[in-house]
Amino acid sequence: MVKPFVPELVYIEPGALKYPLGKELKEKFEDMGIEIRETTSHNQVRNLPGENDFQKYRMAKSTLVVGVRKTLKFDTSKPSAEYAIPFATGCMGHCHYCYLQTTMGSKPYIRTYVNVEEVFEAAESYMKERAPEETRFEASCTSDIVGIDHLTHTLKRAIEYFGQSEHGRLRFVTKFAHVDHLLDAKHNGRTRFRFSMNADYVIKYLEPGTSRLDDRIEAAAKVAEAGYPLGFIIAPIYLYEDWKEGYRILFEKLYDKLPEKATKDLTFELIQHRFTKPAKRVIQKNYPMTKLEMDEEKRKYKWGRYGIGKYVYQKDEQKEMQEVLGGYIEQYFPEARLEYFT
């Protein structure tokens, strides 16, 4: 069982101490005996301990920065929600393929934002604009929010906030099983709790520092028992030697462990593995021994919206992937909804 995240080093922006959560976190980390440093801005953390890039990267992944989110203009979020809602940035997991490797570049440390009420106020204005239509907010575009929430309880507050809202819904995805403090949140069915799942091979070799498959499944069963609408993102779908059997075992385990009520309003999102040239360079630098296959010759090049193309699987491989995993969904969870394959 992967232990809940505890930072080795904490930085605090002076402005964060004007907020109750900022003060509370400072006291909490002082009581835990964790070293606390000051930083002028959560975007300007420098001089992390370490002899070289490799050590500094690992230190950054166990550093938590407590800051204030100044930009409250939410990005649009595709394909699962209208907007990304910013509670945190960064992740303590070491998933080799993660797109945060390139988007966060030189700032792989984890940031949590303490001006939660201001974030809710901004969400309120987005909901008003779209009312009476519902507005969905995705809380995990730039972080695994569950991974730090046992320390901050920001996500729990958000679940209860959207539980009371008329036109808002919340969704997020996690690879962590540390969900016990969220089970009694008053969600009123307005938060979809999703777990990122994968074949055991992928979790074991490409997702170090995250909860193991059986722990995630156990957590998903608890979440379903607590009445949350449940979802699974199978991502990245990765073609290794025994992939069909690996993914079949995943679906069989889900089928065996989930309570029946979870299967009535269950969603699946399927995302194939892809990489960009810049991501490949960063991944090979951060994880020089990775087993992740990134051979451009074997892949199909797909142009991206912002001029950076990505390497995806070949057409026939994508078709087989979709048929195989789609078939497992139909076999094990015939009432579930497949939201997309990409």
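Colleague: Are Phe172 and Phe193 buried or exposed?

Modeller: Both Phe172 and Phe193 are buried, a term that stands for under 20% relative accessible area, with exposed meaning over 50% and partly exposed in between (1.4 Å probe, protein chains only). The model is a predicted one, in which local features need pLDDT of at least 70 and side-chain atom pairs pLDDT 80 or more, while totals for chains, interfaces and linings use all residues. Residues are numbered from 1 along each chain as its sequence is written, and side-chain values use heavy atoms, without hydrogens and water.

Colleague: How many aromatic pairs are there by the rule for rings?

Modeller: The count comes to 23. Rings of Phe, Tyr and Trp (its six-membered ring) pair if their centres lie within 6.5 Å; planes under 30 degrees apart are stacked, over 60 edge-to-face, and the rest tilted.

Colleague: What makes Tyr57 and Tyr287 an edge-to-face pair?

Modeller: Their ring centres are 5.8 Å apart and their planes stand at 85 degrees; the limits are within 6.5 Å and over 60 degrees, so the pair is edge-to-face. Tyr57 belongs to helix α2 (residues 53–60) and Tyr287 to the loop between α10 (277–286) and β12 (300–302), 230 residues apart. Both Tyr57 and Tyr287 are buried.

Colleague: Why is the pair of Phe172 and Phe193 called edge-to-face?

Modeller: The centres are 4.7 Å apart and the planes are at 65 degrees, so the pair is edge-to-face. Because Phe172 lies in strand β8 (residues 168–174) and Phe193 in strand β9 (residues 191–197), the pair ties together parts 21 residues apart in sequence. Strands are DSSP runs of E of at least two residues, helices runs of H or I of at least four, numbered from the N terminus.

Colleague: How do you know that the charge of Arg58 sits over the ring of Phe54?

Modeller: The charged end of Arg58 is 3.9 Å from the ring centre of Phe54. The rule asks for NZ of Lys or CZ of Arg within 6 Å of the centre and within 35 degrees of the ring normal. Arg299 likewise lies over the face of Tyr313, at 3.9 Å from the ring centre.

Colleague: What describes the packing of helix α4 and helix α6?

Modeller: Helix α4 (residues 116–130) and helix α6 (residues 154–164) pack at about 35 degrees with axes 11 Å apart. Axes are lines fitted to C-alpha atoms over the stretch in contact, with angles from 0 to 180 degrees between N-to-C directions. Contact means heavy atoms within 4.5 Å, and the residues making it include Phe120 and Met127 of α4 and Tyr161 and Phe162 of α6.
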